[in-house]
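These are notes for a colleague who is opening this entry for the first time. Please keep the display at hand while reading the points below.

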Amino acid sequence: MTQSLGELESIVRNKICKLCTERTVSGECGLEEPSACALFRLFPQVALAIQSVQSDDVGPYIDAIRRNVCSVCNEQAPDGSCETRQMVQCALDAYLLLVVDAIEEATGKTFDKKGVGLAGGSTVSLGPQIQL
Ligand code: SF4
Ligand code: SF4
């Protein structure tokens with residue numbers, strides 16, 4: 001199974017937005033500017049960063065997001081800090097494990113993040129990569 005970037009974004013929207021605390025009861029994004037959500041504003045970079053990692057540990061995914069997404073995000077301060085992240089208002093950061101799972105499931109890879117409390121039991125198996 002191969003996924004286009006648009007299809008992948010739809011899958012992730014479907015899984016993450018419905019869990020997101022910013023979502024309104026009517027099912028809309030409650031951000032003042034929904035297009036400002038870093039998860040989808042920078043989705044191509046997010047997808048590439050996650051696809052570049054093959055690990056059962058969440059650390060390398062966080063590193064890849066910091067390196068490839070936060071580095072080009074206008075919310076990041078020159079010193080690498082991010083007030084939006086500190087206030088748990090970045091959906092990408094807040095739901096990173098779920099985003100990783102959604103993308104890897106959609107692209108044919110399932111895995112068990114060690115020690116992070118996700119429902120596990122799956123094993124690593126690499127599948128086709130997305131088409132960007
Ligand atoms: S903030 Fe982002 S993840 Fe949350 S509902 Fe809005 S678009 Fe979806
Ligand atoms: S954590 Fe901050 S810098 Fe990184 S993507 Fe989110 S808003 Fe942007």
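**Notes on the predicted model**

1. A place to begin is the end of helix H7: the helix is followed by Gly 108, which has a positive phi, near 95 degrees. The model is a predicted one, and H7, residues 96-106, is the element of the chain with the lowest mean pLDDT, 94. The highest mean among the elements, 98, belongs to helix H2, residues 38-41.

2. Confidence over the whole chain should be stated next. The mean pLDDT of the chain is 86, with 81% of its residues at 70 or more. Over residues 117-130 pLDDT stays under 50. For that stretch the model still has 35 contacts beyond four places in sequence. Where pLDDT is low, predicted coordinates should not be read in detail.

3. The overall make-up is simple to state. The chain has seven helices and zero strands, so that from the N terminus on its elements run α-α-α-α-α-α-α. It has 132 residues, of which 33% count as buried. Taking the contacts between residues at least 6 apart in sequence, 58% join residues at least 24 apart.

4. Which residues of H7 are buried? They are Leu 96, Val 99, Val 100, Ala 102, Ile 103, Glu 104 and Ala 106. The cover over these buried residues includes helix H1 (5-16), H2, helix H3 (43-51), helix H4 (59-68) and helix H6 (91-94).

5. H4 and H7 have axes that come within 11 Å and cross at roughly 95 degrees. H4 is therefore roughly perpendicular to H7. On the H4 side the contact is made by Tyr 61, Ile 62 and Ile 65, and on the H7 side by Leu 96, Val 100 and Glu 104. By type, the residues of this contact are five nonpolar, no polar and one charged.

6. Leu 96 deserves a point of its own. It is found in helix H7 and is buried, because its relative accessible area is 7%, where buried means under 20%. Beyond its neighbours within four places in sequence, Leu 96 is in contact with Tyr 61, Ile 62, Ile 65 and Ala 91. Leu 39 lies 57 residues from Leu 96 in sequence, and the two are 9.2 Å apart in space, C-alpha to C-alpha.

7. How do H1 and H7 cross, and what residues meet there? Their axes come within 10 Å and cross at roughly 135 degrees, and the two helices are therefore oblique to each other. The crossing of H1 and H7 is right-handed. From H1, Leu 8, Ile 11, Val 12, Lys 15 and Ile 16 take part, and they meet Leu 98, Val 99, Ala 102, Ile 103, Glu 105 and Ala 106 of H7. The residues of the contact divide into nine nonpolar, no polar and two charged.

8. H1 also meets H3. The axes of H1 and H3 come within 11 Å and cross at roughly 90 degrees, so H1 is roughly perpendicular to H3. Leu 5, Leu 8, Glu 9 and Val 12 of H1 meet Phe 43, Pro 44 and Ala 47 of H3. Six residues of this contact are nonpolar, none is polar and one is charged. Leu 8 and Val 12 of H1 are listed in the contact with H3 and also in the contact with H7.

9. Two valines in loops can be read side by side. Val 69 is placed in the loop between H4 and H5, and Val 88 in the loop between helix H5 (83-86) and H6. Are they buried or exposed? Val 69 is buried, with a relative accessible area of 2%, whereas Val 88 is exposed at 61%. Val 88 also has a positive phi, about 55 degrees, although it is not a glycine.

10. The surroundings of Val 69 close the list. Leaving aside neighbours within four places in sequence, Val 69 is in contact with Leu 42, Gln 45, Val 46, Ala 49, Ala 64 and Leu 92. Pro 44 is 25 residues from Val 69 in sequence and 9.2 Å from it in space, C-alpha to C-alpha.

Definitions and conventions:
Residues numbered from 1 in each chain as written. Chains lettered and ligands numbered in written order. Predicted model: local features only at pLDDT ≥ 70, side-chain atom pairs only at ≥ 80, totals over all residues. Heavy atoms only, no water. pLDDT = per-residue confidence, 0-100. Helix = DSSP H or I, 4+ residues; strand = E, 2+ residues; numbered from the N terminus. Contact = heavy atoms within 4.5 Å. Buried < 20%, exposed > 50% of the residue type's maximum accessible area, 1.4 Å probe, protein only. Axes fitted to C-alpha atoms, helices over the stretch in contact; angles between N-to-C directions. Parallel < 35°, antiparallel > 145°, perpendicular 65-115°, else oblique. Nonpolar A, V, L, I, M, F, W, Y, C, P; charged D, E, K, R; others polar. Left-handed = near helix turned anticlockwise from the far one by under 90°.
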